[in-house]
Structures are given as structure tokens and as C-alpha cells.
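This briefing goes through one protein model by topic, beginning with a strand and ending with backbone angles. Please keep the sequence and the 3D view open while reading.

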Amino acid sequence: MTDRNLRIARLWDVADPRVTRRALLRSTAFFALAATGACGVGEAPGNGGAPASQAEATNARDEPELNFYNWTDYIAPDTLSGFTAASGVRVTYDNFSTNDEMEAKIASGAAGYDLVVPSDNFVRRFLRAGLLMPLDHDLLPNLANLDKRFTEADYDPGNAHSVPWAWGTTGLAYSRSRLGDVTGFSAYDLAAAQGRSTILDEARDAMALGLLKAGHDPNTTDPRHLDEAVAVLLELKKRIGQITSDVIEPLTGGQVPLAQAYSGDAFQAREANPDIAYAIPSEGGLSYVDLLCVPKDAPHAANAHRFIDYVLGPEVGAALANAVRYGSPNAAAKPLIDRELLDDPLVYPSDEQLAKLPFTKDLGGEAEARYADAWTRVKTG
């Protein structure tokens with residue numbers, strides 16, 4: 001999502017200037033955490049021996065520590081410091097840039113993370129690979145605060161292994177003054193977008209653009225449709241500037257007039273620069289949910305449960321939504337969320353729009369391998 005750039009530096013070091021995704025939040029979150037001393041940021045310690053069962057894992061260690069691995073700039077400034085103040089648990093907070101990067105770290109079995117935030121389609125891959133610990137619902141009384149849409153989702157029915165962090169859509173962020181009103185993918189043909197526009201560095205999201213532009217289902221398993229999408233994207237590569245998921249600063253700074261973007265990133269850019277707008281393409285797009293999950297070898301699983309339940313609280317959930325500008329899955333938080341967000345159909349699309357914004361489906365190993373191969377052809381072609 002260059003990638004949604006690598007991890008941020010330790011609190012006592014200089015922040016890594018390469019980290020740009022959701023960069024509007026980075027500086028405020030950084031200094032808020034530094035002021036409280038609540039959180040260390042850097043390499044999570046390796047797992048010192050995974051417990052054999054969930055019950056053992058939940059009670060395995062008494063250290064007041066939590067190792068949290070999340071997308072860059074995808075948190076409210078006081079989420080971690082508030083959790084530390086409420087629980088006494090110190091958080092080591094690392095960031096990743098793509099689902100693939102995070103998957104490789106977790107699959108290694110030696111990362112030592114207690115909590116990770118994969119997207120919905122990756123959760124199903126994690127489940128097939130046996131990488132996640134079942135959640136203990138007795139430790140999560142605030143699960144009752146979730147909107148029904150996120151308790152019956154097919155990616156993890158009943159929230160057996162995951163709890164939603166935030167959700168959004170994939171569409172187009174753009175400069176109104178330079179491009180006018182954008183309604184679909186034809187915006188990439190506009191003269192002002194040539195050589196300076198971007199598409200996401202995420203295989204399923206970018207391939208969805210190619211598939212939708214070619215008139216196909218973004219969850220297709222037909223190899224011919226994928227070949228057509230590759231051709232569309234290879235042609236598009238001649239006219240764009242970059243494949244990257246770090247779009248907030250380039251949009252707000254004027255370097256990029258058009259970007260395939262996640263809705264929350266677009267709304268954060270709009271907060272800093274009112275010229276930036278977001279469109280759900282007429283051709284369609286994707287919905288996605290990012291989910292809190294506990295790896296099977298988490299050394300502090302009980303603290304992971306404490307954090308999940310903390311975030312599910314109405315006030316904390318609302319503060320998170322107001323900061324990251326993504327849709328909230330927390331029904332109890334809705335009365336506390338900024339009215340402008342709740343009333344924005346681009347943040348909370350209508351049922352009619354949602355019908356054109358399906359979740360990214362788990363297509364099975366063979367089809368996912370075809371997507372990976374197709375995306376490799378796009379990036380290397």
C-alpha cells in the first residue's frame with residue numbers, strides 16, 4: 001500500500017521519514033505517546049516459547065506488555081496511552097506496509113507479536129494456515145457493541161478469531177481543481193493526471209481496478225478475466241507515475257492529482273487539503289475490513305484480549321473512528337462519532353452503493369496464486 005512504508009522508529013529515536021501512510025496522524029500520535037512514556041515503538045521481542053494451548057496462552061505471562069503490529073498511522077493519538085493508563089500494560093507498537101509483509105512475519109512463528117491487524121481476505125488465509133488463536137469471548141464483554149454486519153460476516157462468522165478495527169472502501173482520491181469532478185476510472189485518461197497518478201500496491205485492490213475497468217467481477221476466478229485485467233493495468237502503467245499505497249502526503253502536497261486509495265486515507269488527505277475529494281467509481285470498487293487478531297504463539301494473549309475489549313468501548317471506538325476517518329464497526333460508538341462522518345455517504349455508503357462494493361472474497365489457494373502471478377506480471381511488465 002513504494003509499500004505502505006516500513007516501520008516507524010523507536011520513540012527515543014528520530015521517526016523514520018519514509019513512513020507516510022496516514023502521515024497526518026503520525027506526528028500527533030508520536031508526540032502524544034512520547035509525552036506519556038506509555039509505548040515503545042520498534043522491534044517486537046522474539047517469542048520466548050509459545051504456550052501449548054489457548055488457555056495456557058491467555059495466562060502464560062504476567063508481564064504488563066503488549067506487542068502490537070498495525071498498519072502505519074492507523075490509530076488515534078491517545079489509543080495506546082489511554083490503554084496503558086487504564087490497564088498498566090506497556091505497548092510496543094510496530095507498523096507494516098502491506099498484508100504480505102505482515103503475513104511473512106507472522107508465518108515465521110518467531111515475531112513475538114500479541115496482536116496484528118490483517119485485512120479480511122488475509123484472515124481467511126491465516127485461518128487455513130492455523131496462524132491464529134481462537135478468541136476467548138468471556139474476556140471480551142464489549143463484543144456486544146459491534147454492529148450486526150460485523151458479527152455475521154462470512155470471513156469469520158461469530159468473530160471466532162477476529163474483531164473488526166475499522167472498515168472502508170477502495171476508490172479514487174483526486175484534486176478537484178485539477179481534474180474537475182471524477183466519477184470513474186476514465187479519470188486516468190485526463191491530461192492533468194498523466195505521469196503523476198498512482199494505483200495501490202496491493203494485488204487484489206489493484207487487480208480489482210483492472211478487472212472492473214475491463215467489465216469483470218473483482219472477485220472473479222476466470223483466468224481469461226485476469227489476463228484482460230493484466231493487459232488493462234500494463235497499459236495504465238504507461239500513463240501513471242507510480243504504484244504505491246502511500247498517498248496522503250503526495251495528494252495533500254499536490255504531487256499526485258489522482259490516486260487509487262483507501263477511503264480513510266482520502267478523507268485524511270481531505271482534512272489537510274479541502275481540494276482533495278474522493279469518489280466511489282461508477283464501475284464499482286471493494287469494501288474491506290481490517291481486523292484485530294491474536295497470533296497462535298502470542299506471548300501475552302491475555303493483554304491482547306484486554307486491548308481488544310478496550311477498543312470496543314464506545315468512547316475509545318469513537319475516538320479511533322474520528323481520527324482515522326474510516327467507517328466504525330462499533331454500533332455503541334456511533335452517537336459519539338463526528339456527525340459529518342456519519343452523514344457522509346462516502347464513509348457510510350448506502351445499501352445500493354454497498355451492493356457494488358463487495359468484500360474481497362477468499363478464492364482459495366489456486367485462484368489466489370493466479371492473482372499473485374497476474375500482479376507480478378503487472379509490476380514487472
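Buried means under 20% relative accessible area, exposed means over 50%, and partly exposed lies in between (1.4 Å probe, protein chains only). Helices (H or I, at least four residues) and strands (E, at least two) are DSSP runs, numbered from the N terminus. In a regular strand the side chains alternate between the two faces of the sheet.

The model is predicted: local features need pLDDT of at least 70, side-chain atom pairs count only at pLDDT 80 or more, and totals for chains, interfaces and linings use all residues. Residues are numbered from 1 along each chain as its sequence is written, and side-chain values use heavy atoms, with hydrogens and water left out.

- E9 pairs with E5 in the antiparallel sense over four bridges; two strands pair if DSSP finds at least two bridges between them.
- Tyr 278 in E9 is the bridge partner of Ala 173.

**Strands E2 and E3**

- Strand E2 (residues 65–71) runs parallel to E3, and seven bridges join the two.
- Within this pairing, Phe 68 stands opposite Tyr 93 in E3.
- Six of the seven residues of strand E3 (residues 90–96) are buried, so E3 is largely enclosed by the rest of the structure.
- Together with helix H3 (residues 79–87), E2 and E3 make a right-handed β-α-β unit. A crossover is right-handed if, with the strands pointing away from the viewer, the path from the first strand over the helix to the second runs clockwise.
- Thr 72 is in the loop between E2 and H3, and counts as buried because its relative accessibility is 0%.
- A polar atom of the Thr 72 side chain lies 3.5 Å from the backbone oxygen of Phe 96. A polar contact is a pair of N or O atoms within 3.5 Å; within protein, one must be able to donate a hydrogen and the other to accept it, and residues adjacent in sequence count only if both atoms are side-chain atoms.

**Aromatic residues**

- The whole structure holds 17 aromatic pairs. Rings of Phe, Tyr and Trp (its six-membered ring) pair if their centres lie within 6.5 Å; planes under 30 degrees apart count as stacked, over 60 as edge-to-face and the rest as tilted.
- The ring centres of Trp 71 and Phe 96 are 4.7 Å apart and the planes are at 55°, so this pair is tilted. The pair links distant parts of the chain, with Trp 71 in strand E2 and Phe 96 in strand E3, 25 residues apart. Both Trp 71 and Phe 96 are buried.
- Trp 167 and Tyr 348 have ring centres 5.9 Å apart and planes at 75°, so this pair is edge-to-face. Trp 167 lies in strand E5 (residues 163–175) and Tyr 348 in the loop between helix H13 (339–342) and helix H14 (351–354), so the pair ties together parts that are 181 residues apart in sequence. Both Trp 167 and Tyr 348 are buried.
- One aromatic cluster includes Phe 68, Tyr 93, Trp 165 and Phe 307.
- Arg 125 lies over the face of Phe 122, at 4.2 Å from the ring centre, and Arg 204 lies over the face of Tyr 371, at 4.5 Å from the ring centre. A charge sits over a ring if NZ of Lys or CZ of Arg is within 6 Å of the ring centre and within 35 degrees of the ring normal.

- In helix H7 (residues 203–213), 10 of the 11 residues are buried, so H7 is largely enclosed by the rest of the structure.
- The buried residues of H7 include Arg 204 and Asp 205.
- Helix H11 (residues 301–311) is mostly covered, with nine of its 11 residues buried; among them are Asn 303, His 305 and Asp 309.

**Positive phi angles**

- Most residues other than glycine have a negative phi, and most peptide bonds are trans.
- Asn 159, which is not a glycine, has a positive phi near 55°. Asn 159 is in the loop between helix H5 (120–128) and E5, and counts as buried at 3% relative accessibility.
- Arg 325, also not a glycine, has a positive phi of about 65°. Arg 325 is in the loop between helix H12 (314–324) and H13, and counts as buried at 6% relative accessibility.
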